[in-house]
Amino acid sequence: MTGYEVKIIESSKELSARERISLKNFDEMIALDEAVNAETPRLMIDVSGYVVASVHNEMSDNVDYNKFIIIDKDGQRYITGSNPFFSSFKEIWDEMDGENEDWGITVYKRESNNYKGKEFLTCTIC
């Protein structure tokens, strides 16, 4: 055992073995926390799907955690570990699932009420 393992635990569609393997490698994904910044305070994503990956990393302070991957219609993948973001995203996804109109999300940061001077990622439908 290497002390590092990634498992796909949820996805918006059935994944092939090739897709599952590809989604376990986070290297080519854009970190939402870095993409949304002072220069780009809002990021629009034309969503085609999502994946939740469970990570076990014995070298991390938090050994077990989830990563949330949002896939846009061009195939670009965005990644975050933000639970508030994914909670907002999943609400939108569940509501829009099965609807025939085009939609996407706008990702942005909000100031935390719980931690003064800190921000958190969230999103809204666009």
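L43 has V107 in β7 as its bridge partner. The model is predicted: local features require pLDDT of at least 70, side-chain atom pairs count only at pLDDT 80 or more, and totals for chains, interfaces and linings use all residues. Residues are numbered from 1 along each chain as its sequence is written, and side-chain values use heavy atoms, without hydrogens and water. Strands (E, at least two residues) and helices (H or I, at least four) are DSSP runs, numbered from the N terminus. Two strands pair if DSSP finds at least two bridges between them.

Angles run from 0 to 180 degrees between N-to-C directions, with axes fitted to C-alpha atoms and, for helices, over the stretch in contact.

A second open sheet has five strands, ordered β1-β4-β5-β6-β2, with mixed pairing. Its edge strands are β1 (4-11) and β2, each pairing on one side only. Seven bridges join β1 to β4 (residues 47-57), and these two run antiparallel. Here S11 stands opposite V51 in β4. β5 and β6 are also antiparallel, with four bridges. I71 is partnered by R77 in β6. Four residues lie between the strands of this hairpin, where G75 takes a positive phi near 95°. The bridge partner of I30 is Y78. α3 lies across β1, β4, β5 and β6, at about 145° to β4.

Aromatic rings were examined next. Rings of Phe, Tyr and Trp (its six-membered ring) pair if their centres lie within 6.5 Å; planes under 30 degrees apart are stacked, over 60 edge-to-face, and the rest tilted. This rule gives eight aromatic pairs. The ring centres of F68 and F86 are 4.3 Å apart and the planes lie at 10°, so the pair is stacked. F68 is in β5 (residues 64-72) and F86 is in α3, so the pair links distant parts of the chain, 18 residues apart. F68 is buried at 3% relative accessibility, and F86 is buried at 9%. Buried means under 20% relative accessible area, exposed over 50%, and partly exposed in between (1.4 Å probe, protein chains only). Y50, F68, F85, F86, F89, W93 and W103 form one aromatic cluster. Elsewhere, the charged end of R42 sits over the ring of Y108, 4.6 Å from its centre. The rule requires NZ of Lys or CZ of Arg within 6 Å of the ring centre and within 35 degrees of the ring normal.

Cysteines come last. A disulfide is a pair of cysteine sulfur atoms within 2.5 Å, and the count is zero. The sulfur of C123 is 9.5 Å from the closest cysteine sulfur, in C126, which is too far for a bond. C123 is buried at 7% relative accessibility, whereas C126 is partly exposed at 41% relative accessible area.

Key
Contact = heavy atoms within 4.5 Å.
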